[in-house]
Amino acid sequence: MSGKRPAVFDVVWVRKREKKEVIAAFSDAVKENGVKKQVAEAWSHRTPFSHEAIVMDTEPFLHCVIPNFIRSQEFLEGLQKELLNLDFHEKYNDLYKFQQSDDLKKRREPHISALRKLLFEDFRTWLSDISNIALESTIDMSCAKYEFTDALLCHDDELEGRRIAFILYLVPSWDVSLGGTLDLYSTDEHFQPKQIVKSLVPSWNKLVFFEVSPVSFHQVSEVLSEETSRLSISGWFHGPSVTRPPTYFEPLIPRNPHIPHDHEILYEWINPTYLDMDYQVQIQEEFEERSEILLKEFLKPEKFAKVCEALEKGDVEWSSRGPPNKRFYDKADENKLPDILKDCMELFCSEALFLLLSNFTGLKLHFLAPSEDETEDKIEAEATCAAGSTEEGTSHTSSEPEKNQAAVHSSQQSSEHTDSDPEEDEAKRESSVPTCQGELRRWKPGHYTLVHDNSKTEFALDLLFYCGCEGWEPEYGGFTSYIAKGEDEELLTVSPENNCLALVYRDQETLKFVKYINHRSLEQKKTLPDRTGFWDFAFVYYE
């Protein structure tokens with residue numbers, strides 16, 4: 001037996017250190033029975049309510065603000081530290097650009113866990129009581145970090161089961177000049193957003209929540225601070241789904257056949273290089289391989305200079321095109337254009353250009369252009385004579401399989417000719433006449449177009465012709481992005497470039513958007529003080 005005294009410290013070292021449980025609680029003033037009852041009545045009757053602890057407004061849609069949501073500053077600071085230690089992933093598509101954490105549903109950090117428990121237990125019970133909605137225990141929350149030029153554009157948050165959206169801000173001292181506001185939109189008789197009528201500025205410990213509905217259109221405006229991050233936790237409380245109004249479809253934009261203009265208009269406007277037949281063959285070969293091409297220095301320099309001069313001069317009447325959940329840019333009034341711009345619009349609608357585009361692309365945009373079937377027959381006949389009838393000679397470029405199938409289908413229809421009504425024949429002829437639609441657009445900071453659920457997709461040739469793009473950089477936005485339906489990955493990007501004609505053939509599975517133009521684009525003013533964007537002539541042609 002040893003004569004040494006037992007070490008009394010052994011017990012201390014093996015004993016597990018007990019962790020102090022972190023508990024979160026929200027504003028006592030909001031929970032006070034009298035206030036709670038008044039908030040419930042205001043919610044039920046859709047009337048405004050104001051108290052130092054909570055403010056409810058019904059315009060443009062029902063929303064509430066609790067200026068000091070969490071009671072403990074110490075808790076908020078601990079929460080902020082845990083959030084900033086999370087891994088963030090860039091979220092980027094037509095609608096947004098910001099950084100988002102992983103789902104916070106199963107995070108074990110003490111402050112995040114305590115906030116999750118508070119929101120989806122205690123606060124959910126309070127919210128169910130005041131809204132009279134049987135909110136479910138579904139946890140749906142994440143952390144978002146918006147930095148310089150990040151934004152989330154106009155949307156309504158509608159998704160099956162979402163009933164109430166919330167945002168808790170953990171930002172330093174903030175004001176409207178820093179951007180990052182929560183902007184709320186008014187709506188029209190079709191439940192489409194019109195314009196921003198209210199902006200909520202983030203502040204430390206402010207909770208905003210609102211009812212998700214067909215009119216709950218909102219956005220996070222672009223963050224303009226290069227030093228400060230906009231940190232927030234957001235999510236949704238889920239509940240029984242509600243009936244939504246039918247989807248609204250915008251009136252179709254008219255499509256018109258070409259304007260009669262002979263080839264003289266081409267010699268007047270277009271770089272002679274592109275009128276050389278041998279060069280047109282090269283262009284068509286490249287286009288058929290890639291379904292897109294960029295033709296630089298497309299207009300004669302003197303014509304391009306006059307077009308730019310007319311645009312710079314400011315004699316064009318512009319109007320804003322919306323709705324903002326689909327697009328936001330300026331469109332020129334075609335009836336009041338200066339002569340040179342009117343002539344340029346006519347060029348893109350002219351019969352001569354339709355034929356030139358046919359030569360560039362191989363598409364049948366003019367009756368003189370050979371059809372797919374004529375080309376097939378010619379190749380087939382040549383192959384039969386030369387090689388004793390093989391199928392290989394009739395194959396098409398792999399970039400256009402769907403288009404070829406559609407052409408074959410229409411030729412089968414026309415071959416089944418029987419005695420028919422002359423009016424029906426005329427209608428068929430009219431329906432097969434190549435058409436186009438187009439506009440002159442002005443792009444400035446804050447402008448964009450979005451992919452939307454009811455976007456009509458069909459075979460079409462896009463034409464984009466750019467002016468005023470000196471010094472334009474891709475990081476400014478304003479480029480046209482092509483994506484596959486249901487995917488975010490870009491198939492092709494067309495960047496603005498002076499006096500360049502971009503041609504892109506898209507199929508039924510391809511969508512496009514113009515990326516949001518951010519405030520980095522103001523760099524352009526350093527070299528061009530009077531310039532705040534660029535212009536483009538945008539046309540779509542249909543066979």
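The following paragraphs lead the reader through this structure, from the whole chain to single residues.

The structure is a predicted model, in which local features need pLDDT of at least 70 and side-chain atom pairs count only at pLDDT 80 or more, while totals for chains, interfaces and linings use all residues. Residues are numbered from 1 along each chain as its sequence is written, and side-chain values use heavy atoms, with hydrogens and water left out.

The secondary structure of the chain comprises 14 helices and 24 strands; helices (H or I, at least four residues) and strands (E, at least two) are DSSP runs, numbered from the N terminus. The chain has 543 residues, of which 47% count as buried. Here buried means under 20% relative accessible area, exposed means over 50%, and partly exposed lies in between (1.4 Å probe, protein chains only). The chain exposes about 28,800 Å², and carbon and sulfur atoms supply 49% of this area. Such areas come from the Shrake-Rupley method with a 1.4 Å probe, and for residues only the protein chains shown count as cover. Among contacts between residues at least 6 apart in sequence, 79% join residues at least 24 apart, where contact means heavy atoms within 4.5 Å.

The largest nonpolar core has 49 residues, and Ile 270, Phe 537 and Tyr 541 touch the most other members. The largest share of this core, seven residues, comes from helix H9. A nonpolar core is a set of buried Ala, Val, Leu, Ile, Met, Phe, Trp, Tyr and Cys residues joined through side-chain atoms within 4.5 Å. Leaving aside residues up to four places away in sequence, Ile 270 touches Leu 275, Phe 298, Leu 299, Lys 300, Leu 347, Leu 353 and Leu 356. A second, separate core of 46 residues includes Val 30, Phe 69, Leu 115 and Phe 209.

Leu 464 counts as buried because its relative accessibility is 6%. Among the residues that Leu 464 touches are Arg 441, Val 494, Leu 501 and Phe 537.

Helix H8 covers residues 301-313; its 13 residues reach 18 Å from the first C-alpha to the last, close to the 18 Å expected at 1.5 Å a residue. The expected span is 1.5 Å times one less than the number of residues. The buried residues of H8 are Lys 303, Phe 304, Val 307, Cys 308, Ala 310 and Leu 311. They lie on the same side of H8 because they cover an arc of only 160° around the axis, the arc being that of the directions from the helix axis to the C-beta atoms. On the other side of H8, Pro 301, Glu 309 and Lys 313 are exposed. The cover over the buried residues includes helix H6 (264-269), helix H9 (339-349) and strand S24 (534-542). Just after H8, Gly 314 takes a positive phi of about 90°.

Helix H10 gives another picture. Eight of its eleven residues are buried, so H10 is largely enclosed by the rest of the structure. One of these buried residues is Ser 358, which has a relative accessible area of 3%. The side chain of Ser 358 reaches the backbone nitrogen of Leu 365 at 3.0 Å. After H10 comes Gly 362, with a positive phi near 85°.

Some features of the backbone remain. Most residues other than glycine have a negative phi, and most peptide bonds are trans. Asn 205 has a positive phi near 70° and is found in the loop between strand S10 (193-200) and strand S11 (207-211). Asn 205 is buried, with a relative accessible area of 0%. Glu 297, in the loop between strand S14 (292-295) and H8, has a positive phi of about 50°. Glu 297 is partly exposed, with a relative accessible area of 46%. The peptide bond from Glu 59 to Pro 60 is cis, with omega near 0°, and Pro 60 lies in the loop between strand S2 (55-57) and strand S3 (63-66). A cis peptide bond also joins Gly 322 and Pro 323, and Pro 323 is found in the loop between strand S15 and strand S16 (327-332).

Notes
A polar contact is a pair of N or O atoms within 3.5 Å; within protein, one must be able to donate a hydrogen and the other to accept it, and residues adjacent in sequence count only if both atoms are side-chain atoms.
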